[in-house]
Amino acid sequence: MRSHFTAAWAAGAFALSLAASAAFAQKSAPVSAAESGNLWFVELAGAPESEGNTKAAVKAEKTAFKNAAAAARVKWKERRSYDVLFNGFAVEATASERTKLARLPGFKAMYPIRIVQAPRPEPGARGAAPDLAAALAMTGANIAQTAGWTGAGIRVGIIDTGIDIDHPDLGGNGTNGSTPFPSARVAYGHDFVGDAYDYYTSPNPVPDDNPDDCNGHGTHVAGIVGANGAVKGVAPGVTFGAYRIFGCNGSVSDDIIIAALERALADGMNVVNLSLGSPHGWPQSPDAMAASRLANLGVVVVASIGNNGPQGGSPDGLYAAGAPGVGTKVIGVASYDNLQATKPAFSATPDGRLFGYTSATGAPTTPLSGSLPMAKTGTTTAANDACEALTPGSLTGKAALVRRGTCSFYTKAFNAQEAGASAVILYNNQIGEVSPTVAGSTPAITVPVVMVTQSSGEELDGRITAEATTLTWTAGTAVDLLPTGDLISGFSSFGLAPDLSLKPNITAPGGSIYSTYPLENGGYASLGGTSMSSPHVAGGAALVLQARRTTRPDDMKTLLQNSADPRRWSLGPDYGFLDHVHRQGAGMMDIPQAIASRVMVEPSEIALGESVAGGKKITLKVSNTGPANVTYAVSHEPALANGPGTFVNQLSYYDAPATVRIARPTVTVRSRGSENVDITFRAPDDASLDDRGLYGGYIVLTPQGGGQPLRVPYAGFKGDYQAIQVLTSAGEWGFPWLAKLYDDTFWEQPTGATYSLIGDDIPWFLAHFDHHAEEVLLEALDVKTGKVVGKVSDDKWFPRNATPTQFFTFTWNGDVYVDLSTGKKQWSSVKNGDYVVRITVKKPLAQKNNPAHVETWTSPRIKITRGLNPA
């Protein structure tokens, strides 16, 4: 019998509206809905130095490529060149010029450069040192420190916004601008961009040698790893490398990330933390490959998995994990909420109890004094509280208590404000933390707006019902014991990776984490995100490295995953189900156990892939380096499954265990010996889970006589993975399109069109990708002969769109290239005439020459009238 669970997510809609105009018969779409750009990684044919190529050979290959580009008069700009972790360039080239680069000798592949936003803090969170101490206790970092492990002698690279060199908890003098770089603790680093850099507004980097932080994110991350002062991080004795890739605000292109990885390697970092990433990443993307190659060279590389969970700022569904966290050798980290959060507080009568709150962005600053009578606009079960206009004057001079649900926070706040409210107290309609916003709409909100938890809101509702209740703003704080503490954070992204590898790999505290912040911005702050969970693991790895000096990067991942402890389902912990493996990986990091364990189980994670071929047998190797024999009972513990929907509004939850057969339910491993255990997996049956669902669980080895069990997480895809449709219509819009571009709007040309190839009067192709693609090939065909005249473009490792209505754009300037028998490419321009363009999509894990594993779409007729003015 099928057990199916639903959850009413109250996340905002982020799909762009694609409105048709009555003045045209065609459909139209704004350029802003497209995901495109002119920045590309160009990978050359030879291996990078990290994979055995020589410095001289790599240099010669680059010189030859640039000479060929010059001879072919390709218009391109070289942004960066890479030798060690990636062999190639970061380039800027128009859509037409980039296809010319692809025809040059020595070219291997091209990938879009992604833009990574610098994360910002949770608004209104105040925090206190005990909050970080509570988070450290969740991983056992406090126990490891008590045992004497501090990370001393371990170098940890922070690739981020820099580190506040002056912060006393990070080895600074405590006065802004008074600490020279390098300092005693921030001993390595480089600023790759400068203060003013932002990819969108000031895209030209101005590097310098001082990686001081004017943003705050990197200082916060560094504090979690290893602060030692008013707050204490996971590994307070580490030495930092600060590799600044963000300006004071804004974003960065990920070609700069690879440059920072190469610098961290040159500086001898033992651990590198990347609290950043781009969602929907492939393990084969350049930054993920570079990070994995760094791990292959002996560096432990840890990265956040992303904040695109169903309740994140950009809510998303399955396969949302980001690069470089999806890298094959990268430890991708998800987030659990902290046990507590210290927040600013107001009091309420009759007893003056303090209620912690989070201030809404876009609202006026919350006062620190003053009192207001309270009123409520609905009940604790109201689904659409304050979503419609309220009686004028009904809330005059009052603090309005409003329940979350149905409409936006802005709508609720505005309706209460229009009814005369002097403040709005929003409360959650489910367990969990929310950072509300009322920004971006007009008229502006002119009264304070704050958010309290579900339990606090329901208690306030009861007080108002029982008697007249007064709210008083205070300068004090309240410690909220978070109802989602020790459970997966709502913002933490789902995996798997698009090649069905297991991501995330492990989880650590990341929701409501208090840590260091630049002195000019108060010195300390509370932030939330997988950006905060990743440095917990980086610091934990430093402690393990200090305690176990011979640990290899692969062994580090094994030790951390074997000793981790998975948690219950965040939306219903009382049901008793373990949360999804493709959301929490192995579970909560357990540092003392990772240090103490003398038994390892390999592989430390199992990616079962698709189940269309039937069951799969995996052999686990259990190795014992300890002085005594150990006997384990081997068992299976299932986790929750997801149904086939990808996007956030399609998520569904199932109790659908795999069938697991364990060949040896009991295994004894001799001292300094090893034993194998065969495990056979079969996907859940059709009665419990539909095809295209994701499932998982844990193989558990429990020691006889008591002790910490060892675990191996597994996850798989039910059915035929290639059955997922990649190119879909995006509903009524009927993508893919052949289009024309007028005044920043794309107009569909359903019956074909004529193009002069002057300026923007070129064929545009709009396509929505419901899933990732290994390859996207565009070919031009002559209408008369039906034959292919050449390739238009050929892109590898393509992401999916973020929402059900976004799309990617492709263009054709009339040029094509053909592969010759010599292996070279010959470039030519097609003659004026009639053509169509065929898009061929190779699905993830597609079998070669299997027609069922590709999708094609052929455009309407394209009439090329080169040289004539556009119609």
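A: Gladly! Let us begin with a strand pair: strand 13 (residues 271-274) and strand 14 (residues 300-304) run parallel and are joined by 4 bridges. Strands pair if DSSP finds at least two bridges between them; strands (E, at least two residues) and helices (H or I, at least four) are DSSP runs numbered from the N terminus. This is a predicted model, where local features need pLDDT of at least 70, side-chain atom pairs count only at pLDDT 80 or more, and totals for chains, interfaces and linings use all residues. Residues are numbered from 1 along each chain as its sequence is written, and side-chain values use heavy atoms, with hydrogens and water left out.

Q: Which residue of strand 14 is the bridge partner of Asn 273?
A: Val 302 is the partner of Asn 273.

Q: In what order do the strands of the open sheet lie?
A: The order is 10-11-9-13-14-15-24, with 7 strands in parallel pairing. Strand 10 (186-191) and strand 24 (506-511) are the edges, each pairing on one side only. On average, neighbouring strands are turned by 25° against each other, direction ignored. Axes here are lines fitted to C-alpha atoms, for helices over the stretch in contact, and angles run from 0 to 180 degrees between N-to-C directions.

Q: Which strands does helix 6 touch?
A: Contact means heavy atoms within 4.5 Å. Helix 6 (residues 255-266) packs on the sheet, touching strand 9 (155-160), strand 10, strand 11 (239-244) and strand 13, and its direction makes about 165° with that of strand 13.

Q: What does an antiparallel case look like?
A: Take strand 35 (residues 673-682), which runs antiparallel to strand 29 (residues 616-624) with 9 bridges. Thr 619 stands opposite Asp 678 there. Strand 35 also pairs with strand 33 (residues 659-662) in the antiparallel sense over 4 bridges, and Thr 659 stands opposite Arg 682.

Q: How should I describe two packed helices?
A: Two packed helices are described by the angle between their axes and the distance between the axes. For helix 5 (residues 217-226) and helix 10 (residues 530-547), the axes come within 8 Å and cross at roughly 35°. The contact residues include His 217 and Ile 224 of helix 5, and Met 532 and Gly 539 of helix 10.

Q: Why is helix 11 described as largely enclosed?
A: Buried means under 20% relative accessible area (1.4 Å probe, protein chains only), exposed over 50%, and partly exposed in between. Helix 11 (residues 553-563) is largely enclosed by the rest of the structure because 10 of its 11 residues are buried. Among them are Pro 553, Lys 557 and Ser 563.
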